[in-house]
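Thanks for sending this one over. Here are my notes, in numbered points, to read alongside the model.

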Amino acid sequence: MGKNRKVFQCLTLILQFGLNMIVPILLCTMLGVWLGNKYDIPIITVPLFIVGALAGFTNIFKMAKKIYGQDSDRNNVKKAK
């Protein structure tokens with residue numbers, strides 16, 4: 001059962017990484033399309049797409065930093081014992 005739990009944890013982590021990247025990009029792009037259609041400035045989609053990509057990258061970076069910190073804490077505890 002322990003191996004299955006690790007597999008599910010890894011799959012959940014991969015899903016979280018994907019969602020943390022895709023959601024901001026889609027939301028900012030949809031906002032850009034909507035604003036472009038409303039105000040007749042379709043080029044606004046490009047900067048908002050870039051903002052979404054940067055936000056997604058920031059989310060991934062923070063999540064990876066948190067996970068890496070937890071792993072190094074576990075390793076330090078194991079070494080101390």
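1. In which helix does I25 lie? Before the answer, a reminder that we are looking at a predicted model. I25 belongs to helix α1, which covers residues 2–39. With a relative accessible area of 15%, I25 is buried, because the cut-off for that class is under 20%.

2. Leaving out residues up to four places away in sequence, I25 touches F49, G52 and A53. L54 itself is part of helix α2 and is exposed, at a relative accessible area of 53%.

3. For the overall picture, the chain has two helices and zero strands. It counts 81 residues, of which 14% are buried. If you take the contacts between residues at least 6 apart in sequence, 64% of them join residues at least 24 apart.

4. The connection between the helices deserves a glance. D40 sits in the loop between α1 and α2, and its phi is positive, about 60 degrees, although D40 is not a glycine. Most residues other than glycine have a negative phi. D40 is also exposed, with a relative accessible area of 67%.

5. Next comes T45, which is found in helix α2. Is T45 buried or exposed? Its relative accessibility is 18%, so T45 counts as buried. The T45 side chain reaches the backbone oxygen of G32 at 3.3 Å. Not counting residues up to four places away in sequence, T45 touches T29, G32 and V33.

6. Which element gives the patch its largest share? That is helix α2 (residues 45–80), with four residues.

7. On aromatic residues, the structure holds one aromatic pair. The ring centres of F57 and F61 are 6.5 Å apart and the ring planes meet at 25 degrees, so the pair is stacked. Both residues lie in helix α2, four residues apart, which is about one turn of the helix. F57 and F61 are both exposed.

8. Finally, please look at I67, also in helix α2. At 23% relative accessibility, I67 counts as partly exposed, because that class lies between the 20% limit for buried and the 50% limit for exposed. Which residues does I67 contact, leaving aside its neighbours within four places in sequence? They are L13 and F17. I67 and L13 are 54 residues apart in sequence, and their C-alpha atoms are 9.7 Å apart in space.

Technical notes. Residues are numbered from 1 along each chain as its sequence is written. This is a predicted model: local features need pLDDT of at least 70, side-chain atom pairs count only at pLDDT 80 or more; totals for chains, interfaces and linings use all residues. Side-chain values use heavy atoms; hydrogens and water are left out. Buried means under 20% relative accessible area, exposed over 50%, partly exposed in between (1.4 Å probe, protein chains only). Rings of Phe, Tyr and Trp (its six-membered ring) pair if their centres lie within 6.5 Å; planes under 30 degrees apart count as stacked, over 60 as edge-to-face and the rest as tilted. A polar contact is a pair of N or O atoms within 3.5 Å; within protein, one must be able to donate a hydrogen and the other to accept it, and residues adjacent in sequence count only if both atoms are side-chain atoms. Contact means heavy atoms within 4.5 Å.
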